[in-house]
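This report looks at aromatic ring pairs and at backbone angles in one model. Please keep the sequence and the structure in view while reading.

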Amino acid sequence: MANEAPSSSSSVPIAEVEEDLLLCGSESGWVAARTHCDHLDSLSSDLTHIPTPDTPCNRCHHPDENWLCLGCKDVLCSRFVNKHMLEHHLERNHFLALSYSDLSVWCFSCEAYLDAQVILPLRPVYEIAYILKFGEAPPHRTVEYLRQGGNQAESSAQGK
């Protein structure tokens with residue numbers, strides 16, 4: 001009985017539910033990035049000139065876990081440091097940010113990661129950040145890789 005769900009309406013053992021969740025990837029830490037976002041109109045008009053990835057947080061000067069606001073280009077620390085980027089989003093209503101740690105793009109409004117290589121308006125800032133961080137152009141995913149991700153990613157990559 002200890003492994004069964006507490007609800008009387010369900011007789012599925014918790015171990016079976018946990019196994020199903022593992023098979024679906026919920027414990028793997030892998031998250032599928034979105035290939036569309038309704039908040040791209042909030043992007044800065046000039047994302048070709050951005051601060052370098054080693055720029056500290058503009059508020060607390062913490063050197064790590066910093067994000068680039070894609071609305072105003074402020075660099076602020078993550079929610080795992082002092083939450084300055086989150087506060088910035090709440091104060092200024094800027095939705096999109098690029099992590100200088102892993103170059104992922106987050107939309108605070110959608111509460112989702114965005115695929116910066118597939119979403120055309122995000123690709124240039126991703127590429128510039130990659131070059132600034134690693135000193136070379138990023139590898140580009142092949143059409144075959146995009147096909148494996150499904151029709152939605154493929155059609156977005158083709159400019160849909």
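Does Tyr-113 count as buried, exposed or partly exposed? In this predicted model, Tyr-113 has a relative accessibility of 32% and so counts as partly exposed, since that class lies between the cut-offs of 20% and 50%.

## Aromatic pairs

With ring centres required to lie within 6.5 Å, the count comes to three aromatic pairs. One of them joins Trp-106 and Tyr-113, whose ring centres are 4.8 Å apart and whose planes stand at 70 degrees, so the pair is edge-to-face. Trp-106, at 18% relative accessibility, counts as buried, whereas Tyr-113 is partly exposed.

Tyr-126 and Tyr-130 form a tilted pair, with 6.1 Å from centre to centre and 50 degrees between the planes. Both residues lie in helix 3, which spans residues 123-134, and they are four residues apart, about one turn of the helix. Tyr-126 and Tyr-130 are both buried, and together with Phe-134 they form one aromatic cluster.

## Positive phi angles

Asn-93, a residue other than glycine, has a positive phi near 60 degrees; it lies in the loop between helix 2 (84-92) and strand 3 (96-99). With a relative accessible area of 49%, Asn-93 is partly exposed.

Leu-103, also a residue other than glycine, has a positive phi near 65 degrees, and its place is in the loop between strand 3 and strand 4 (105-107). Leu-103 is buried, with a relative accessible area of 5%.

Technical notes
Residues are numbered from 1 along each chain as its sequence is written. This is a predicted model: local features need pLDDT of at least 70, side-chain atom pairs count only at pLDDT 80 or more; totals for chains, interfaces and linings use all residues. Side-chain values use heavy atoms; hydrogens and water are left out. Rings of Phe, Tyr and Trp (its six-membered ring) pair if their centres lie within 6.5 Å; planes under 30 degrees apart count as stacked, over 60 as edge-to-face and the rest as tilted. Buried means under 20% relative accessible area, exposed over 50%, partly exposed in between (1.4 Å probe, protein chains only). Helices (H or I, at least four residues) and strands (E, at least two) are DSSP runs, numbered from the N terminus.
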